[in-house]
Amino acid sequence: MLLHNPLFGHPIHTDAYQWCGADIPGLANFKNLMTSTLLKSSVVPRLNYPTLYRLPNGLTIIAEQLPVEAVNLSLWLRVGSAVESDAINGMAHFLEHMVFKGTKKLESGEFERRIEERGALTNAATSQDYTQFYITAAPQHFAELAPLQIDVVLNPTIPDRAFERERLVVLEEIRRAQDNPRRRTYAFAMETAFDELPYRRPVLGPAAVIEQLTPQQMRDFHATYYQPDSITAVAAGNLPVQKLIEIVAEGFAEATGTKQSAWGMASESEFIAPQSEILALTPEPPFSEIVRREEVDESLQQARLVMLWRVPGMSQLHQTYALDILASILGHGRTSRLVQDLREDRRLVTHISASNMTYRQQGTFYISAQLPVENLPAVEAAIAQHIRTLQAEPVTEAEIARVRTQVANRFVFGNETPSERAGLYGYYQSMAGDLAPALNYPARIQAQGRTDLQLAAKRFLSPEAYGAVVLRPAF
């Protein structure tokens, strides 16, 4: 499964978190490694406090008890397609598939069988910057199933025959992606957006590369990147925090063969810290002119237009908040500027939206439209004019208030389930190395004023320099 997770609108659910190590058997000795931070937000009432532990082997565990009769365990790994070389592009996603093909303790299919017997759910996803595995189970089954999830992620045997069978599944997934107009458009847009950064490559990889990968290459990739210090394990649901921590930490200790009298007491030297080349790369400069790419797509009935700008990523997170708001003002909802002008009033497009897509090293401000081919020049010019207006005139207080309301509502409605909570915590801890951006997101949005938005538009969105991708129907 391929997952893309745009930052704006990501649900926010609490205003505080804490680090603590006492009161948990085996962790009292680690108390000196932990600190406590409280981040208060005036936007949304306080919910619960997620509790964060970091063990000596580098594993990060986040736990929270929720009054919902389910428990979710999400394992987030700081490895995605961005760490791959061109020669193994697609390896991270292929490995996500192979993780479920058995361990020394679990035959292929046994994990899924035991999950289904308990009425639980499991799935996985790969992106450019991370890979995620999760289960959701009833509280009374969590202690049984969580160690199985940890075992399949940390100890896949990657059998040769299963590898060859799954290669065919991945190749079929690539073919389906190539047959999807939306995903083709996105692929062309990313190739246009980045000249050097690995975000220009597909997460699934090219078929020609997948056809050449070997099981041993995958075993080496797994041994390098699937290490405890690359993992954030998030457990959320209706069990005491102490119990959640015990189950997860003991599951990792058993899976890594380091179970001793206290959790995680193996020497850190036993683990290989991944050295991702992506961390050494620098963001690419803004476009200095209009960079245009046009393609003919015989499957289309209407044209596709994408206009995009290179903008800050998670490594410059403080600069993304204003862009999140601008994306909403331009293209989120029926009352947004582009939708109201180009679809509702002038009827030049059948669909239009805007997103601020934030990857670890850099992001893209992305405007996408579906429209009759004869309207392409007018729509591109109109979008550029809307950018000029953002630069020349402050947005209205009503528009900012609409975005604040959206964020506050998503804060409440979008984080009610254990899987939603675990997804939020794991995403930000993996991408930013910190829970604070998730916990204070509404406050950051609240703090953005009209001047901040105008300055961001002037700094990052040029109406004379951007990437433009056009897909035209064949007729």
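Helix α9 and helix α12 (residues 397–413) pack at an angle of about 105°, their axes 10 Å apart. That angle falls between 65 and 115 degrees, so the two helices count as roughly perpendicular to each other. The model is a predicted one.

From α9, the contact uses Ile 325, Ser 328 and Ile 329. From α12, Glu 399, Arg 402, Val 403 and Gln 406 take part. By class, the residues of this contact divide into three nonpolar, two polar and two charged.

How many of the residues of α9 are buried? Eleven of the eleven, across residues 321–331, so the helix is largely enclosed by the rest of the structure. The buried set includes Tyr 321, Asp 324, Ser 328 and Gly 331. Ile 325 and Ile 329 are also buried, and both meet α12. Just after α9, Gly 333 takes a positive phi of about 95°.

**Salt bridges**

Side chains of opposite charge can pair when their charged atoms come close. The structure holds 25 salt bridges.

| Pair | N to O distance | Residues apart in sequence |
|---|---|---|
| Glu 166 and Lys 101 | 3.2 Å | 65 residues |
| Arg 388 and Glu 464 | 3.1 Å | 76 residues |

Take Glu 166 and Lys 101, which form a salt bridge. Glu 166 lies in helix α4 (residues 160–178) and Lys 101 in the loop between α1 (91–98) and α2 (110–117), so the pair ties together parts that are 65 residues apart in sequence. Glu 166 has 10% relative accessibility and counts as buried. Lys 101, at 22%, counts as partly exposed.

Is Lys 105 buried or exposed? At 54% relative accessibility, Lys 105 counts as exposed. Glu 254 is partly exposed, with a relative accessible area of 42%.

Arg 388 and Glu 464 make up another bridge. Arg 388 belongs to helix α11 (residues 376–392), while Glu 464 is in the loop between α16 (450–460) and β13 (467–473). Arg 388 is partly exposed at 31% relative accessibility. Glu 464 is partly exposed at 48%.

Salt bridges can also share partners. Such bridges join Glu 110, Arg 113, Arg 114, Glu 117, Arg 118 and Glu 144 into one network.

**Nonpolar cores**

In soluble globular proteins, nonpolar side chains tend to be buried together. The largest nonpolar core here has 62 residues. Which of its residues touch the most other members? They are Leu 73, Phe 142, Phe 221, Tyr 226 and Phe 252.

Tyr 226 shows the reach of these contacts along the chain. Leaving aside neighbours within four places in sequence, Tyr 226 is in contact with Leu 77, Val 79, Leu 95, Val 99, Thr 131, Phe 133, Val 153 and Leu 154. A second, separate core of 60 residues includes Leu 371, Leu 376, Val 395 and Ala 468.

**Loop residues**

Ile 158 has a phi near 50°, a positive value in a residue other than glycine. Ile 158 lies in the loop between α3 (139–154) and α4. With 1% relative accessibility, Ile 158 counts as buried.

Arg 347 also has a positive phi, about 50°, although it is not a glycine. Its place is the loop between α10 (337–345) and β11 (351–358).

Ala 70 lies in the loop between β4 (60–65) and β5 (71–77). A relative accessible area of 14% makes Ala 70 buried. What is Ala 70 in contact with, beyond neighbours within four places in sequence? Its partners are Thr 136, Ala 137, Pro 139, Ala 236, Gly 237, Asn 238 and Pro 418. Asn 238 is 168 residues from Ala 70 along the chain, yet their C-alpha atoms are separated by 6.1 Å.

Technical notes:
Residues are numbered from 1 along each chain as its sequence is written. This is a predicted model: local features need pLDDT of at least 70, side-chain atom pairs count only at pLDDT 80 or more; totals for chains, interfaces and linings use all residues. Side-chain values use heavy atoms; hydrogens and water are left out. Buried means under 20% relative accessible area, exposed over 50%, partly exposed in between (1.4 Å probe, protein chains only). Helices (H or I, at least four residues) and strands (E, at least two) are DSSP runs, numbered from the N terminus. Axes are lines fitted to C-alpha atoms, for helices over the stretch in contact, and angles run from 0 to 180 degrees between N-to-C directions. Angles under 35 degrees count as roughly parallel, over 145 as roughly antiparallel, 65 to 115 as roughly perpendicular and the rest as oblique. Contact means heavy atoms within 4.5 Å. Ala, Val, Leu, Ile, Met, Phe, Trp, Tyr, Cys and Pro count as nonpolar, Asp, Glu, Lys and Arg as charged, and the others, Gly among them, as polar. A salt bridge is a side-chain nitrogen of Lys or Arg within 4 Å of a carboxyl oxygen of Asp or Glu. A nonpolar core is a set of buried Ala, Val, Leu, Ile, Met, Phe, Trp, Tyr and Cys residues joined through side-chain atoms within 4.5 Å.
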